[in-house]
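Please consult the sequence and the structure shown here while reading.

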Amino acid sequence: MPDPPLTPHGEQQCRDLCDRFPFHSSIGLLVSSPLRRTIQTTLLAFEPEISRGVRYFALPEVQETSDLPCDTGSNLSVLRQDFGDRPVDLSLIPDDWDSKKGKWAADHVAVEARCREARNWLKSREEDHIVVVSHGGLLHYLTDDWTGSGKFQGTRRPFLRRVKKMLFPNAYDPWYTGTGWENVEYRSYRFVEGDGENASLEEMEESRQRRSKKPLTKEEKTQLRETVPQDGGEALKI
């Protein structure tokens, strides 16, 4: 289904997140992927911020990684029609954002470049605390934290996987998915000082303690990143 909306269960999960999220009063900016489900998630889960006038941008660089219909966004004209009367700023979305070509392609090089651009945009903002609502596959790239990237796995379809691999050798593999992020999970990150144009993120200690995880060293992050297949393999959610 192209760019599906949240289910009623998903809407309730967002309301539950709104109730348990402890940082509403400190948030100065809202940012989300322009897919329907992430826009809806932001409007529901961060209603207190919306109510007090916190600005909200849809940022195409943090769209989901694959070119499957469910991970491909709607045309900008459709988004304007569906959300034009809602408090989400669509001005950063170009007409070709849903093309999955060029800058928006569903391959590792393009996704990494988009995430680096997104981090630099976020770092340039003057707000101290920013919420980013995105997708499980994309968030591993954005944070460069690959812990548990195969936690939630799908099922194999060997024949279909081989056919797609032959036709689209650089594409992601949609039939064996994985991410370390649960639905409506939240984590807290800060920018690493002195990291230059990469604008790397590191998870804050209280966030890792909340997940009962020890902080990763730079070497551990590199080792985890190297375990992720570069040909659209089995460690990625898409």
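The points below cover the sheet and then the salt bridges.

The model is predicted, so local features need pLDDT of at least 70 and side-chain atom pairs count only at pLDDT 80 or more, while totals for chains, interfaces and linings use all residues. Residues are numbered from 1 along each chain as its sequence is written, and side-chain values use heavy atoms, with hydrogens and water left out.

**The sheet**

- Three strands form an open sheet in the order β2-β1-β3, with parallel pairing; strands are DSSP runs (E, at least two residues) and helices likewise (H or I, at least four), numbered from the N terminus, and two strands pair if DSSP finds at least two bridges between them.
- β2 and β3 stand at the edges with a single partner strand each, so one side of each is left without a neighbour in the sheet.
- The twist averages 15° from one strand to the next, where axes are lines fitted to C-alpha atoms, for helices over the stretch in contact, and angles run from 0 to 180 degrees between N-to-C directions.
- Strand β1 (residues 29-32) pairs with β3 (residues 130-133) over four bridges, and Val31 stands opposite Val132 there.
- With β2 (residues 56-58), β1 pairs over three bridges; Val31 stands opposite Phe57, and Ala58 is the bridge partner of Ser32.
- In a regular strand the side chains alternate between the two faces of the sheet.
- In β1, Leu29 and Val31 lie on one side and Leu30 and Ser32 on the other, and all are buried (buried is under 20% relative accessible area, exposed over 50%, partly exposed in between; 1.4 Å probe, protein chains only).

**Salt bridges**

- The count comes to 13 salt bridges, each defined as a side-chain nitrogen of Lys or Arg within 4 Å of a carboxyl oxygen of Asp or Glu.
- Lys103 and Glu117 meet in one of them at 3.0 Å, N to O. The pair links distant parts of the chain, 14 residues apart: Lys103 is in the loop between α4 (76-83) and α5 (108-124), and Glu117 is in helix α5.
- Lys103 is partly exposed at 36% relative accessible area, and Glu117 is partly exposed at 38%.
- Arg125 forms a salt bridge with Glu127, the closest N and O atoms being 2.9 Å apart. Arg125 is partly exposed at 25%, whereas Glu127 counts as buried at 19%.
- Arg210 and Glu206 meet at 2.8 Å, N to O; being four residues apart in helix α8 (residues 205-210), they are separated by about one helical turn.
- Salt bridges that share partners join Asp145, Glu203, Arg208 and Arg211 into one network.
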